[in-house]
Amino acid sequence: MMYGKLCTEFYDLDKRFADADEISFYQPCLDQADVILEPMCGSGRLLIPLLQQGYSIHGVDNSVSMLESCKQRARARGLDPVLYHDSIETMDLPCRYNVILIPLGSFQLLYPRSAAYQALSNFNRHLLEGGKLILDLFVPWDALSKRNENEFNTKEVLTPDGGKIVYQSHDQINIYDQNIYSEAVYKKIINDQIVADEYEQMHISWYYRYEMELMLEKFGFRHISFQEKIFRDENHMLFIAEK
Ligand SMILES: C[S@@+](CC[C@H](N)C(=O)[O-])C[C@H]1O[C@@H](n2cnc3c(N)ncnc32)[C@H](O)[C@@H]1O
């Protein structure tokens, strides 16, 4: 299970909304006239600020909780976004888009590789002729440099009801399959009592530059450009590919 109720509550308190810096990071690739699709839009961290800036952007996600939060957070700002509950590998949406944008490595949640291939093929189908796919990806250089097969992480956020949510994960890296398998638990604690918990498993894959370029070509993209960018001390690989 991924992105359930507790995970969504944690995510929204931990990440909130994309700020002006992040918007300016993607803005050079966007045109105000574009109709944009954000696959894996989640709770609208980026989608809502882009709508507020006047962009026409639809979202699709397979988590009911994340979409519910997106609707609520949008409604609180007087917005009513077009959102679809679907998996990006199999979605068949009624619109075709000028731009498909996936920020901050979300594409890397697709697992196994066949899911990533299906998604790329489906993105191509959902783009207008000449439309652009924008993928922001990363290689987990830190995890690779530690060469440590097992890593334990913990993080907590305070909740408005006076409690906290504690997140604990155990990550295992597989450098040959190029993925990190993560098992995590979210625990909501109020007055020292666990009032809710939720388990999560996910894979985070990574792709190297030329591998990704070949994959994009294989699924019908051309004029593929690559930029390496540093944003908030992190390395981003920005791929822009045309249908
Ligand atoms: C890290 S969150 C990112 C949300 C948002 N793009 C952001 O920048 O905050 C990843 C999202 O991908 C969604 N997701 C994961 N696998 C998916 C799939 N196969 N199809 C559709 N959505 C998926 C999850 O439900 C989650 O909301």
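P112 sits in the loop between β4 (97–102) and α5 (113–126); helices here are DSSP runs of H or I with at least four residues, strands are runs of E with at least two, and both are numbered from the N terminus. This is a predicted model, in which local features need pLDDT of at least 70, side-chain atom pairs count only at pLDDT 80 or more, and totals for chains, interfaces and linings use all residues. Residues are numbered from 1 along each chain as its sequence is written, and side-chain values use heavy atoms, with hydrogens and water left out.

Back to that loop. The peptide bond from Y111 to P112 is cis, with omega near -5°. L104 is also in the loop between β4 and α5. Its phi is near 45°, a positive value in a residue other than glycine. L104 is partly exposed, at 36% relative accessible area; buried is under 20%, exposed over 50%, and partly exposed in between, using a 1.4 Å probe and protein chains only.

H223, in strand β10 (residues 222–231), likewise has phi near 45°. H223 counts as exposed, at 54%.

Now the ligand. Which residues are closest to the ligand? They are Y11, E38, M40, R45 and D61, out of 20 that surround it, where near means a heavy atom within 4 Å.

A ligand nitrogen is 2.7 Å from a polar backbone atom of M40. A ligand oxygen is 2.7 Å from a polar side-chain atom of R45. A ligand oxygen is 2.6 Å from a side-chain N or O atom of D61.

Notes
Polar contact = N/O pair within 3.5 Å; in protein donor to acceptor, adjacent residues only side chain to side chain.
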